[in-house]
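Hi there,

Here is the structure I promised to pass on to you. Please open it and have a look around before you read the rest.

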Amino acid sequence: MHRLLLIALFSFLSCLQIIAQVSFSHYVKQTADDEITIFFSGKMSDGWHVYSQNEKNGPTPTTLTITSIKGAKLVGTLTADQKPIKKFEEVFDAEVMYFEKSVLFSQKLKLTDSKYSVEGYLEYGACNDQNCLPPTSVDFSYEGGISAPGKATEEETATSLTSDTSTTSTTSTTNDTSIASSPLPSAPVPSSTSDSPPPSLWTIFLLGLVGGFIAVLTPCVWPIIPMTVSFFMKRGNHELGNTGTGRNTKGILDAVTYGISIIVIYMLLGLVVTSLFGASALNALSTNAFFNIFFFLLLLVFGISLLGAFEIVLPSSWTNAIDSKASQKTGILSIFLMAFTLVLVSFSCTAPIVGFLLVELGTSGNVMGAAIGMLGFAVALALPFMLFALFPAWLKSAPKSGNWMTSVKVTLGAIEIAFSLKFLSVADLAYGWHILDREVFLILWIIIFFLLGCYYLRQVFKSNFSHLTSYILHLTSSFLSFAFVAYMIPGLWGAPCKAISAFTPPMSTQNWHQEAKGTIHNPYRDFYEGIEAAKSEGKPVMIDFTGYGCVNCRKMEAAVWTDPEVQDIINNDYILIQLYVDDKTALPQPIKVTENGQQRTLRTIGDKWSYFQRSRFGHNTQPFYVLLDSRQTFTKGEGSYMHAVLQKPRSYDEDIPAYIQFLQSGLKAFKNR
């Protein structure tokens with residue numbers, strides 16, 4: 001009797017509407033003659049926070065998805081009106097970023113027609129210290145025409161949801177058959193505008209600078225430096241004479257002008273890329289599967305070229321034409337054309353580096369990323385020409401051209417091929433091909449860097465102590481390559497490999513797992529499949545409503561599920577069903593449901609399980625553990641499943657003895673029913 005009263009009491013509490021903890025409203029404003037801005041105003045109760053749009057370390061970030069747009073195009077990415085709070089989370093071993101109290105997100109759109117329409121949804125994740133909301137969407141739809149800036153109606157559509165250790169009332173008017181039994185299709189192409197935090201312009205400049213210094217060491221650039229500087233010095237001597245205080249001054253000025261011309265040429269290249277595509281377009285391309293395949297092939301070809309399979313050269317007629325023009329002209333124009341000739345001649349070595357920088361920096365999300373990156377690259381490339389012109393005696397002590405430059409090219413080729421796999425991985429995840437799961441990715445990197453280590457080792461034996469510096473450099477490089485390979489090998493069985501986690505596919509794609517403490521065997525990912533399995537084995541069911549980005553879920557798994565007794569009970573006495581409320585896999589068809597008097601659209605598997613949790617168990621936060629009697633009747637239509645609950649469900653609580661008591665009480669209730 002007391003068990004029935006407990007269930008009745010829990011069902012009664014499930015019908016109570018609690019105060020909203022997180023709410024979002026949205027409105028649109030015309031902010032310029034040809035521009036509108038959509039605003040999303042979020043308010044959070046004390047203790048609750050919403051994750052930043054730039055969050056990338058685990059929790060669900062705030063993202064904007066456009067499902068339909070006419071007469072307008074996106075400008076930039078989703079932005080917030082304030083800097084996020086940063087806090088280190090042990091679960092993700094990284095800083096997470098979030099907002100408290102309130103936040104205003106905005107997205108600009110440029111109008112390309114007199115009439116526009118735009119539809120989509122904002123999705124966000126929110127947590128407090130005890131619970132997390134499932135990823136929650138705020139639908140919006142606007143249409144209109146151009147009017148005076150700032151005078152558009154601020155139509156507000158509030159979308160509130162509730163979260164608490166209590167429950168949330170829900171009302172459904174849809175048949176749930178499709179919700180419960182929808183198949184899991186391949187993942188769609190990502191359409192979200194969420195990115196990693198854009199790097200600062202200073203960081204971008206430094207990355208370009210590193211790329212430029214590497215380019216200087218290639219066989220296409222380094223041998224040209226002494227020849228070019230000597231030419232300018234002799235030219236200065238010839239024009240000014242061999243006597244007088246002006247000796248070599250003209251040559252030095254010409255060499256400096258030559259270096260500045262190199263900077264101008266590459267800076268213009270960066271500006272052209274930015275103006276043609278724009279930062280927002282390049283940023284959108286960074287999540288587009290087709291363009292990621294293109295980037296993969298581009299970097300792969302560049303990498304193979306650097307390994308010496310072939311050379312990427314421009315038509316010789318171009319170089320000859322520019323060189324001829326430089327000979328005919330005088331003054332600054334002549335020097336500029338000579339610099340342009342260098343750019344063309346060194347193309348086979350610099351193109352892979354420039355191409356890689358333009359792809360990486362252009363998709364950084366920073367408006368001037370490509371231009372500033374090219375500025376850094378050009379400064380590093382031009383600096384040796386100017387320094388050696390100012391201090392010509394340094395040329396005598398500079399390293400001579402030799403086999404060491406081939407090693408530089410081989411190293412760059414291996415690195416470019418390795419990084420090209422990152423872009424293929426994005427496309428692979430987008431389409432769900434599973435051809436480049438985490439262990440396959442790691443195997444390819446292990447092979448690449450093992451072969452690179454073997455190459456260095458071969459150079460060590462070839463040097464035969466004849467060139468001590470070369471011997472030491474190649475031996476050190478070989479050691480570092482093999483050490484890196486050794487570091488990656490445990491990752492094949494699930495080691496985190498945190499140093500390269502930003503490049504590898506997510507751990508969820510890992511198929512090889514070493515049996516470890518805390519491992520839960522073969523959980524079901526579909527409710528009704530799990531119920532049928534439990535009926536056939538005569539066991540009760542444990543539902544774990546969880547999420548990939550749920551911080552507290554990971555804490556429970558690390559602190560509670562690693563306990564041997566907990567693990568033994570879950571594995572042997574229950575059928576575990578894990579339902580991920582932030583699974584981004586698209587449903588075959590969006591499902592319309594009515595909840596709390598408002599119509600919602602379920603678009604993903606995660607939406608389906610989140611709604612399932614609210615409509616069947618009256619709760620909206622994760623983690624949420626429910627023990628069910630699998631022998632009860634579970635309809636696929638409307639209604640609560642509270643009649644089958646064996647024990648009051650649990651939320652986040654790291655009390656291991658209490659959790660064991662919870663599991664054992666469920667087993668006892670199952671046997672006594």
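A word on the ground rules. This is a predicted model, in which local features need pLDDT of at least 70 and side-chain atom pairs count only at pLDDT 80 or more, while totals for chains, interfaces and linings use all residues. Residues are numbered from 1 along each chain as its sequence is written, and side-chain values use heavy atoms, with hydrogens and water left out.

Let's begin with the cores. In soluble globular proteins, nonpolar side chains tend to be buried together. A nonpolar core here is a set of buried Ala, Val, Leu, Ile, Met, Phe, Trp, Tyr and Cys residues joined through side-chain atoms within 4.5 Å. Buried means under 20% relative accessible area, exposed means over 50%, and partly exposed lies in between (1.4 Å probe, protein chains only). The largest nonpolar core has 33 residues, and Ile225, Tyr258, Ile262, Tyr266, Phe377, Leu381 and Phe385 have the most contacts inside it. Among the elements that give two or more residues to this core are helix 3 (201-216), helix 5 (249-285) and helix 10 (369-390). Helices (H or I, at least four residues) and strands (E, at least two) are DSSP runs, numbered from the N terminus. Helix 10 supplies the largest share of this core, nine residues.

What does phenylalanine 377 touch? Leaving out residues up to four places away in sequence, its partners include Gly208, Leu209, Tyr266, Ile353 and Leu357, where a contact means heavy atoms within 4.5 Å. There is also a second, separate core of 29 residues, which includes Phe39, Phe40, Leu64 and Leu133.

Next, look at helix 17 (residues 564-573), whose buried residues are Val566, Gln567, Ile569, Ile570 and Asn571. They pack against strand 13 (541-546), strand 14 (575-580) and helix 19 (656-672). At the start of helix 17, a side-chain oxygen of aspartate 563 comes to within 3.1 Å of the backbone nitrogen of glutamate 565.

Now find the open sheet of three strands, which run in the order 4-9-11 with antiparallel pairing. Two strands pair if DSSP finds at least two bridges between them. Strand 4 (63-70) and strand 11 (136-145) are the edge strands, each pairing on one side only. Strand 4 and strand 9 (residues 115-124) are joined over seven bridges, and isoleucine 66 has glycine 120 in strand 9 as its bridge partner.

Finally, the salt bridges. Each is a side-chain nitrogen of Lys or Arg within 4 Å of a carboxyl oxygen of Asp or Glu, and by this rule the count comes to six. In one of them, aspartate 139 meets arginine 603 (3.3 Å, N to O). This pair links distant parts of the chain, with aspartate 139 in strand 11 and arginine 603 in strand 16 (residues 598-604), 464 residues apart. Aspartate 139 is partly exposed at 27% relative accessible area, whereas arginine 603 is buried at 19%.

Which residues are linked in a network of salt bridges? They are Asp629, Arg631 and Arg673. Aspartate 629 meets arginine 631 at 3.0 Å, N to O, and the closest N and O atoms of arginine 673 and aspartate 629 are 3.9 Å apart. Aspartate 629 is buried, with a relative accessible area of 1%, while arginine 631 is partly exposed at 46% and arginine 673 is partly exposed at 35%.

Happy exploring!

Notes. A polar contact is a pair of N or O atoms within 3.5 Å; within protein, one must be able to donate a hydrogen and the other to accept it, and residues adjacent in sequence count only if both atoms are side-chain atoms.
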